[in-house]
Amino acid sequence: MADESFLSWAYAGVNNTLAGNGGLDCVLALPPLQRALETILFTAIGLLEIYVAYPHIRLQATPVVPSTMHRTGRRLLIAFMCLTFGIELGFKFATRQMIWILNPCHIVTMIQVHWVTLFST
């Protein structure tokens, strides 16, 4: 245990010998020029999207919550989302793969849980 780093609990369960899970083959899969060009291209596209969208963003005084879903339905939805997400977190901790919790699907789930709890009345 002494040779492990402080944050090894977050990534120690990742098998780097599998394709796509890291390791030297994953790092060397793309040439540096292609990585640089893709980084520049997609950063430029993202900045352009922000530039075009920003003037059209308007904040509303009150949150818009669909009136078709009753309070009980929202509470059940949030309970099931939290239960599912908790099981996912438990699995990630048990297999020492917490690094995967930063995947976009997990981030969106956290945002949705926060959004529903923040604006449920």
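In which helix is Met 81 found? Met 81 is found in helix H4, and the report below describes that helix together with its surroundings in a predicted model.

## Basis of the model

Residues are numbered from 1 along each chain as its sequence is written, and side-chain values use heavy atoms, with hydrogens and water left out. Because this is a predicted model, local features need pLDDT of at least 70 and side-chain atom pairs count only at pLDDT 80 or more, while totals for chains, interfaces and linings use all residues.

## Overall architecture

The protein contains five helices and zero strands, and from the N terminus on its elements follow the order α-α-α-α-α. Helices (H or I, at least four residues) and strands (E, at least two) are DSSP runs, numbered from the N terminus.

Of the 121 residues in the protein, 12% are buried. Here, buried means under 20% relative accessible area, exposed means over 50%, and partly exposed lies in between (1.4 Å probe, protein chains only). A contact is defined by heavy atoms within 4.5 Å. Among contacts between residues at least 6 apart in sequence, 63% join residues at least 24 apart.

## Surface and nonpolar patch

The protein exposes about 10100 Å², and carbon and sulfur atoms supply 72% of this area. Accessible areas come from the Shrake-Rupley method with a 1.4 Å probe; for residues, only the protein chains shown count as cover.

A nonpolar surface patch of about 1000 Å² is made by Phe 6, Leu 7, Trp 9, Tyr 11, Phe 93, Ile 99, Leu 102, Ile 107, Met 110 and Ile 111. Helix H1 (8–11) and helix H5 (104–119) are the elements that give two or more residues to this patch, and H5 gives the most, with three residues. Met 110, a member of the patch, is found in helix H5 and is partly exposed, with a relative accessible area of 35%. Like charges are joined within 9 Å, and nonpolar side chains (Val, Leu, Ile, Met, Phe, Trp, Tyr) within 5 Å.

Within H4, Arg 74, Ile 78, Met 81, Phe 85 and Lys 92 are buried.

Met 81 counts as buried because its relative accessibility is 16%. Leaving aside neighbours within four places in sequence, Met 81 is in contact with Thr 109, Gln 112 and Val 113. Met 81 and Thr 109 are 28 residues apart in sequence, and their C-alpha atoms are 7.7 Å apart in space. Thr 109 is found in helix H5, and beyond its neighbours within four places in sequence it is in contact with Met 81 and Phe 85. A polar atom of the Thr 109 side chain lies 2.9 Å from the backbone oxygen of Cys 105. Cys 82, also found in helix H4, is partly exposed, with a relative accessible area of 39%. Cys 82 and Val 113 are 31 residues apart in sequence and 7.2 Å apart in space, C-alpha to C-alpha.

## The loop between H4 and H5

Arg 96 is found in the loop between H4 and H5. Just after H4, this residue takes a positive phi of about 55°, a positive value in a residue other than glycine. Arg 96 is partly exposed, with a relative accessible area of 31%.

Leaving aside neighbours within four places in sequence, Met 98 is in contact with Trp 9, Ala 10, Leu 89, Lys 92 and Phe 93. Met 98 and Ala 12 are 86 residues apart in sequence and 8.9 Å apart in space, C-alpha to C-alpha.

Notes
Patches are made of residues with over 30% relative accessible area and no salt bridge: like charges are joined within 9 Å, nonpolar side chains (Val, Leu, Ile, Met, Phe, Trp, Tyr) within 5 Å. A salt bridge is a side-chain nitrogen of Lys or Arg within 4 Å of a carboxyl oxygen of Asp or Glu. A polar contact is a pair of N or O atoms within 3.5 Å; within protein, one must be able to donate a hydrogen and the other to accept it, and residues adjacent in sequence count only if both atoms are side-chain atoms.
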